[in-house]
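Subject: Structure handover

Hello,

Here is the structure we talked about. Please look it over first, then read the notes below.

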Amino acid sequence: MAHQIPDDGTLLPLMEEFYTIQGEGYHTGKAAYFIRLGGCDVGCHWCDVKESWDAELHALTAADTIAENASRFPSKAVVVTGGEPLIYNLDYLTSQLQQKGIKTFIETSGAYPLSGHWDWICLSPKKFKGPTTSVAAKADELKVIIFNKSDFEWAEQHAKLVSPDCKLYLQPEWSKSKEMTPLIVEYVMNNPHWEISLQTHKYLNIP
Ligand SMILES: C[S@@+](CC[C@H](N)C(=O)[O-])C[C@H]1O[C@@H](n2cnc3c(N)ncnc32)[C@H](O)[C@@H]1O
Ligand SMILES: Nc1nc2[nH]cc(C(=O)O)c2c(=O)[nH]1
Ligand code: SF4
Ligand SMILES: [Mg+2]
């Protein structure tokens, strides 16, 4: 990375920020401000935000400004996503958000060690670069993407890494949704400790 990113987390490569409805997982349907940080080296071939991968394409932005922007919206909930947000030290950003009374949620692959102060951690582990134990142990929600049949077994292996009260979700990979969703429905009926998560924002045509 040619970007000189200070490791105190005061400057972060911001790809986009937008106010929308959380489309996935436990908090589906709730309004939230999304902060999408650029930079990811996990390399999921089906990633739906490949434009985020190169951190250098995204301007370094003051965490103070990001927190200030977030505080202007009615919902006091922020989702930090990416890219892979845990590439960066998120201690400063999340402290600033929480000081403003904003709840902090993260979407992460868990490929990097945990930083930041979180009200909710959604771990979506990837085959291409597995999750660190620091993230798995603290996850509130495990959201496994189902791209093919073998991913159910892979999901069960990852369920063993999270705490007993972690919520378990299976989410169809968007391009395979037609084939995989019926299998997920059947799987959840037979294994009811899992629930279905759909990318509802894509059906709603919102960001
Ligand atoms: C774009 S990722 C960014 C955060 C982080 N890098 C991660 O993967 O969790 C946000 C969420 O979208 C999911 N996702 C990405 N591409 C997807 C696709 N094609 N179909 C379904 N879910 C997808 C990821 O698994 C993750 O839960
Ligand atoms: N509405 C909406 N909900 C989301 N939940 C997780 C998302 C993400 O890309 O991290 C996402 C997203 O991009 N849009
Ligand atoms: S880890 Fe997340 S952002 Fe990175 S390639 Fe995979 S889905 Fe995309
Ligand atoms: Mg998304």
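Leu37 has Gly82 in S4 as its bridge partner. The two strands involved, S2 and S4, are parallel and share five bridges. Strands count as paired here if DSSP finds at least two bridges between them. Helices (H or I, at least four residues) and strands (E, at least two) are DSSP runs, numbered from the N terminus.

Before going on, two points on the source. This is a predicted model, in which local features need pLDDT of at least 70, side-chain atom pairs count only at pLDDT 80 or more, and totals for chains, interfaces and linings use all residues. Residues are numbered from 1 along each chain as its sequence is written, while chains are lettered from A and ligands numbered from 1 in the order in which they are written.

**Strands and a helix**

S1 runs antiparallel to S2, and seven bridges join them. Tyr19 sits opposite Tyr33 of S2. How many of the seven residues of S2 are buried? Six are, so S2 is mostly covered, where buried means 20 or more other C-beta atoms within 10 Å of the residue's own, exposed means 12 or fewer, and partly exposed lies in between, with C-beta atoms placed from the backbone.

Helix H2 covers residues 91–99. Its buried residues are Tyr92, Leu93, Thr94, Gln96 and Leu97. Their cover includes S1, H1, S4 and strand S5 (103–108). Just after H2 comes Gly101, with a positive phi of about 80 degrees.

**Around ligand 2**

Which residues surround ligand 2? They are Thr20, Ile21, Gln22, Gly23, Glu24, Thr81, Glu107, His201 and Pro207. A residue is near a molecule if its C-beta atom, placed from the backbone, lies within 6 Å of it. By class, the shell has two nonpolar, five polar and two charged residues. Ala, Val, Leu, Ile, Met, Phe, Trp, Tyr, Cys and Pro count as nonpolar; Asp, Glu, Lys and Arg count as charged; the others, Gly among them, count as polar.

UniProt, in an unreviewed entry, gives the feature "binding site" at Ile21, Gln22, Gly23, Arg36, Thr81 and Pro207. Such positions follow the numbering used here, feature names are shortened, and annotations may be inferred rather than shown by experiment.

Two of these residues are worth a look. Gln22 lies in the loop between strand S1 (11–21) and strand S2 (31–37). Gln22 is buried, because 22 other C-beta atoms lie within 10 Å. Leaving out residues up to four places away in sequence, Gln22 touches His27, Thr28, Gly29, Lys30, Ala32 and Val79. Contact means that two C-beta atoms, placed from the backbone, lie within 7 Å.

Thr81 belongs to strand S4 (residues 77–82). Thr81 has 20 C-beta neighbours inside 10 Å, so Thr81 counts as buried. Beyond its neighbours within four places in sequence, Thr81 contacts Phe34, Arg36 and Glu107.

**Around ligand 3**

The residues around ligand 3 are Cys40, Val42, Gly43, Cys44, Cys47, Val49, Ser52, Gly82, Gly83, Glu84, Ser109 and Lys126. Five are nonpolar, five polar and two charged. The unreviewed UniProt entry also lists "binding site" at Trp46, Cys47, Asp48, Gly83, Ser124, Pro125 and Lys126.

Ser124 is in the loop between strand S6 (120–123) and helix H3 (133–138). Lys126 also lies between S6 and H3, in the loop. Are they buried or partly exposed? Ser124 is buried, with 22 other C-beta atoms within 10 Å. Lys126 has 18 C-beta neighbours inside 10 Å, so Lys126 counts as partly exposed. Apart from residues up to four places away in sequence, Ser124 touches Glu107, Ser109, Lys143 and Ile145.

**The whole chain**

The chain has six helices and nine strands. Its radius of gyration, taken over C-alpha atoms, is 17 Å, close to the 17 Å from the globule rule (2.2 Å times the number of residues to the power 0.38) for 207 residues, so the chain is as compact as a globular protein of that length. Of the 207 residues, 41% count as buried.

Best wishes
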